[in-house]
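Please open the structure in your viewer and keep the sequence beside it.

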Amino acid sequence: CLFVDDSETHLRYARGNAEAFGLSSAATFIRVDATRLKPRIPAQSLLNLIFIDPPYRQSLIVPVLQSLV
């Protein structure tokens, strides 16, 4: 699992949830703006499912998807 957020607070919550479910060792957490993601994705990562939840009405879906290619 790869978790991405530009907020350290949100990543802290995600880390806590991963720990609570015993998934810490299977999770990677990256603090970065999702529109600048590609250079930060670990080379060995295979992304089969992507859940994107950007702030509403900021036209970020397309830039986030473009950062993945």
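How much space lies in the second largest pocket? About 160 Å³ of space lies there. A pocket is an open set of points on a 1 Å grid over the protein atoms alone, where a 1.4 Å probe fits, with protein on both sides within 12 Å along at least five of seven lines; lining residues have an atom within 4 Å of a point. A volume is the space filled by probe spheres set on the points, which are joined across faces, edges and corners.

The model is predicted, so local features need pLDDT of at least 70 and side-chain atom pairs count only at pLDDT 80 or more, while totals for chains, interfaces and linings use all residues. Residues are numbered from 1 along each chain as its sequence is written, and side-chain values use heavy atoms, without hydrogens and water.

Select C1, F3, A14, N17, A18, F21, L23 and A27, which line the second largest pocket. Helix α1 contributes three residues, the largest share of this lining. Helices (H or I, at least four residues) and strands (E, at least two) are DSSP runs, numbered from the N terminus.

Next, turn to the largest pocket, which holds about 1,100 Å³ of space. Of its 34 lining residues, select L2, F3, V4, D5 and F51, the closest to its centre. β1 (2-5) and α1 each give two or more residues to this lining, and the largest share, four residues, comes from β1.

Finally, colour the model by pLDDT, the predictor's confidence in each residue, from 0 to 100. The protein averages 85.
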